[in-house]
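Biologist: Please take a close look at one part of this model, the interface between the two chains. Which residues and elements build the contact?

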Amino acid sequence: MLSQAREDARDLTAASPSAEIVTESLSGKDGEIWRLSGHWVNMTAVAAAKRLAEIAGKTGSALEIDLTGVAEMDTAGAWLLRRAITERQAGGGEVSVTDRQGAHYADLISALPEKLAEPREEKGPPASRFERIFTPIGRAMVDVWDDAVAAMFILGSAVRGAQLKLGRQSGLSPAAIVHQIDRMGVRAVPIILLMSFLIGAIIAQQGAFQLRYFGAEVFVVDLVGILQLREIGVLLTAIMIAGRSGSAITAEIGSMKMREEIDALKVMGLSPIGVLVFPRLVALTVALPLLTIIANFAALFGAAFVAWSYSGITFDTFLSRLREAIDLSTIVSGMIKAPFMALIIGIVASVEGLKVGGSAESLGRHVTASVVKSIFVVILVDGLFAMFYAAIDF
Amino acid sequence: MDSTSAKQDNVVLSVKDLTVGFGSNIVLDKLNLDIYRGEILGFVGASGTGKSVLMRTVLRLLSRRSGTIRIFDTDFDKATEAQRLALDMKLGVLFQHGALFSALTVKENIQVPMREYLDLPQAMMDELARLKIELVGLAPEAADKFPSELSGGMIKRAALARALALDPALVFLDEPTSGLDPIGAAEFDELIAKLRDTLGLTVYMVTHDLDSLFSVCDRIAVLGQKKVLVEGTIEDMLAFDDSWVQSYFRGKRARSIVRKT
């Protein structure tokens with residue numbers, strides 16, 4: 001459809017879009033005359049180039065180019081002729097161009113450069129196989145190290161305080177923090193509620209289904225309670241927030257970097273980390289534990305609902321079983337992880353945001369990297385916590 | 001009578017009774033404007049009078065309330081799909097900040113319209129892109145650079161090269177010399193005049209650069225009071241009795257240039 005339209009468009013621009021050329025030998029001396037006609041435009045350039053290559057012939061002889069029949073010429077057509085003329089002149093042949101009265105095609109040809117300047121390239125010797133294999137690995141290692149240093153820098157700057165104001169060492173800006181808590185915490189409540197409710201319900205259903213074989217259906221309460229409070233609650237909330245708020249932080253800081261807003265902050269004597277990163281870090285550290293609590297309640301509610309409808313366990317039974325199954329350490333062990341997850345998400349997102357370069361593509365790349373890296377590190381740290389708890393019998 | 005009809009044939013862009021507004025705010029009211037083949041029209045007006053709105057409306061980036069816009073005697077609203085494509089190929093636009101695609105190199109930027117409209121082999125597209133780069137006065141090394149690695153003047157030149165990629169007949173330039181140093185701006189003006197002479201371009205130039213207006217523009221149109229206040233040569237501008245036009249063309253900054261010319 002579109003290609004058809006394109007064909008039509010081509011027909012419309014040039015009734016018969018072709019570049020014609022007729023060669024005759026010069027009378028009297030060694031050489032030839034090219035009589036050009038038709039449309040010497042970019043649409044006909046491929047055919048014209050082929051035809052010119054055919055008739056290029058002897059380079060040493062004289063050449064007259066007659067442009068009187070040309071209906072239309074643009075830089076593409078003129079460039080092809082310019083190239084042919086330069087080639088002919090290089091062989092010592094004389095070239096003259098005659099133009100129709102009132103047309104400027106000859107001027108156009110002579111306005112073009114004789115040949116294109118080659119870019120100065122400074123290429124070293126080609127890399128050996130060893131280099132080609134190990135350069136990316138080494139680069140990745142250096143990148144990991146740079147990321148770690150940048151993360152420490154951001155963490156350190158954040159610990160130092162929000163921003164340096166005259167006469168004050170540091171100043172918190174409550175408005176910014178509350179605003180960020182609203183954006184990253186309060187507005188995430190509905191999706192976290194829904195997701196956790198479903199997760200709790202699904203775990204309960206699967207657990208009940210398997211435990212039914214052993215006649216131990218009531219233990220599904222233990223299963224859901226411990227799993228959700230210790231692991232799943234904080235982990236899934238963190239992953240959700242990494243996708244939701246981590247990407248937003250990277251995109252915001254990254255686009256500010258692209259528009260030199262970060263530089264503007266710097267020359268005003270404000271620390272970009274203090275102004276931009278610190279409120280977000282504080283907000284995340286406050287919001288993520290609270291969201292985790294909400295997520296836990298929603299998941300337990302979902303589990304209780306499924307336990308009642310699928311396995312016939314009443315809410316009273318569910319609650320009394322739950323009270324026996326979990327103790328304070330179960331809840332604490334899960335909740336302790338939440339602020340760490342928040343810091344990881346915030347720092348990884350800020351590091352990636354500050355690495356954004358000048359192009360839209362790099363913004364997209366770093367937002368992706370931010371989400372992928374923070375989810376990876378969140379899961380890794382969760383595993384480390386599990387090992388630690390096992391070691392200290394918590 | 002004969003000369004006016006000959007002039008009519010040469011109208012490249014014709015805007016009739018154009019009204020554009022946002023909400024209750026009318027920006028352009030029954031505006032009329034003609035641009036003739038092969039001329040460089042300089043478009044001036046105080047900030048916020050709708051110069052950019054007019055250009056964006058002509059380029060169909062904004063919708064209009066009423067009026068007709070004919071480009072190469074084709075009304076876009078009534079054109080067929082094929083005519084629209086043909087029309088798009090004849091327009092080149094240099095946006096104020098270049099609007100180069102940041103993920104592509106300069107060469108790839110220039111090749112975007114070629115790739116879209118023409119079936120050229122890669123080698124020829126490379127050669128044509130390098131030719132355009134040379135025509136707009138960029139170093140050949142710039143071809144493989146990304147827009148974020150270029151200076152402001154180089155971005156303008158690269159954007160002009162992209163605007164010229166398909167050898168358009170009508171080129172829109174939005175403040176082409178803003179942000180350039182005076183020498184660079186003068187070179188850019190010369191470049192536009194040279195391209196007009198060799199390629200037979202018609203140029204619609206929104207500018208605030210008095211040097212450009214005095215040196216390369218054949219005709220000047222002033223936008224004010226929601227329409228074209230006055231159009232004509234620089235002498236017409238100097239003779240026109242309007243306080244804004246007078247202070248614009250006879251102000252302190254303009255006087256020194258007038259004296260020179």
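Modeller: What follows starts at the interface and then turns to strand pairing.

This is a predicted model, so local features need pLDDT of at least 70, side-chain atom pairs count only at pLDDT 80 or more, and totals for chains, interfaces and linings use all residues. Residues are numbered from 1 along each chain as its sequence is written, chains are lettered from A and ligands numbered from 1 in the order in which they are written, and side-chain values use heavy atoms, with hydrogens and water left out.

The size of an interface is often given as the accessible area lost when the parts come together. Here chain B and chain A bury about 2,900 Å² between them. Buried area is the accessible area (1.4 Å probe) that two parts lose on being put together, summed over both. Carbon and sulfur atoms hold 66% of it. On the chain B side, Glu127(B), Arg130(B) and Leu131(B) lose the most area to chain A. Together they make up 17% of what that side buries.

Now the residue count. Chain B brings 31 residues to the contact and chain A brings 35. Contact means heavy atoms within 4.5 Å.

The rule finds 1 salt bridge across the interface of chain B and chain A. A salt bridge is a side-chain nitrogen of Lys or Arg within 4 Å of a carboxyl oxygen of Asp or Glu. Glu127(B) forms a salt bridge with Arg83(A), and the closest N and O atoms are 2.3 Å apart.

Four helices of chain B each supply at least two residues of the side that touches chain A: H3 (81-89), H4 (106-117), H5 (122-135) and H7 (182-199). Helices (H or I, at least four residues) and strands (E, at least two) are DSSP runs, numbered from the N terminus. H5(B) gives the largest share of that side, 8 residues. By class, the side of chain B that touches chain A has 16 nonpolar, 4 polar and 11 charged residues. Ala, Val, Leu, Ile, Met, Phe, Trp, Tyr, Cys and Pro count as nonpolar, Asp, Glu, Lys and Arg as charged, and the others, Gly among them, as polar.

Next, strand pairing. Two strands pair if DSSP finds at least two bridges between them. In chain B, strand E1 (residues 11-22) and strand E2 (residues 25-36) pair in the antiparallel sense over 8 bridges. Val20(B) stands opposite Leu28(B) in E2(B). Their hairpin has 2 residues between the strands, and Gly23(B) takes a positive phi near 60°.
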